[in-house]
Amino acid sequence: MKCRIRKDDIAVYTNPLIDQMLDRRSYREFTDRKVEEEKIQVLLEVARHTATSIGLQWASLIRINDPRKKEALADIGHQDYIARAPEVWIFLADGYRNARIAEEKGTPSPYAFDINFFAQAITDAALMAQNVMVALESMGLGGVFLGSILNDPDRLVEVLDLPQGTFPVVGMLFGYPNQNPQKKPRMDMSLRTFLDRYEDRSPYLETLADYDEEMQTYYDLRDANRRVDSFTDQVVKKIGSMNPDRNRLTRVAKSQGFRLYEDGLDFPPTAD
């Protein structure tokens with residue numbers, strides 16, 4: 001089953017926004033031009049109007065202007081370009097505000113930071129970040145998501161001075177692009193689209209042979225003189241080793257007050 005669609009096939013349904021989304025790429029280097037404050041306010045309105053679970057608006061963001069904090073984030077992420085970016089935003093799962101509201105109403109909740117609301121807050125923050133990215137690209141800006149902020153979650157909590165009930169989900173850089181990266185190839189949607197139930201599409205090495213070949217024609221500007229590995233080789237490399245820093249995420253979430261358990265047990269439960 002092939003899901004790859006030619007532009008001619010969908011031209012009647014496209015519009016400038018869809019064209020922009022189909023052409024998206026990640027930008028990591030920017031000009032010295034500041035993003036106009038009017039545009040920032042529009043992006044904040046986009047963030048504000050993002051869908052939110054049960055209407056409780058579990059996501060917040062921190063806009064980083066302090067050069068020392070940008071340097072700290074660059075050090076955490078092992079990406080020096082973070083410190084050079086005009087705009088650095090961190091999107092948070094935020095249960096703190098709602099917990100305080102309950103306290104101020106005289107009805108503090110023992111469930112305010114439980115796994116249910118933690119999952120809702122993470123989803124809210126991810127949706128907010130994606131909405132902002134789509135909006136800023138429509139303004140002629142470019143950006144990139146930063147998962148690297150979670151390389152050292154303990155230090156990140158300290159740098160951002162995060163209270164109990166909050167947790168960083170994803171970061172974002174954006175500004176006026178100063179580079180022209182290739183569009184990164186993506187695998188065919190036939191491997192990621194199912195009807196009514198999940199389907200095993202193996203043997204994946206055979207199914208992904210064409211995509212592996214396509215990926216090896218892509219140059220990532222972070223190492224512009226070297227083509228990237230095939231996708232299947234990247235899978236083996238990236239999931240074949242443990243990242244001890246990222247494995248602290250559950251502990252840091254617990255230290256931030258989130259109750260990651262089920263039926264009174266630590267979650268996931270430990271084996272006997």
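Modeller: Helices (H or I, at least four residues) and strands (E, at least two) are DSSP runs, numbered from the N terminus. This is a predicted model, where local features need pLDDT of at least 70, side-chain atom pairs count only at pLDDT 80 or more, and totals for chains, interfaces and linings use all residues. Residues are numbered from 1 along each chain as its sequence is written, and side-chain values use heavy atoms, with hydrogens and water left out.

Biologist: How many helices and strands does the chain have?

Modeller: The runs are counted along the chain. The totals are twelve helices and six strands.

Biologist: Where does Arg-186 lie, and is Arg-186 buried or exposed?

Modeller: Arg-186 sits in the loop between strand E4 (166-175) and helix H9 (204-207). Buried means under 20% relative accessible area, exposed over 50%, partly exposed in between (1.4 Å probe, protein chains only). Arg-186 has a relative accessible area of 56%, so Arg-186 is exposed.

Biologist: Is Gln-20 buried or exposed?

Modeller: Gln-20 belongs to helix H2 (residues 16-22). Its relative accessibility is 17%, so Gln-20 counts as buried.

Biologist: Which residues is Gln-20 in contact with, leaving aside its neighbours within four places in sequence?

Modeller: Contact means heavy atoms within 4.5 Å. Neighbours within four places in sequence are left aside. The partners of Gln-20 are then Val-134, Glu-137 and Ser-138.

Biologist: What percentage of the chain's residues count as buried?

Modeller: The chain has 272 residues. The buried share is 39%.
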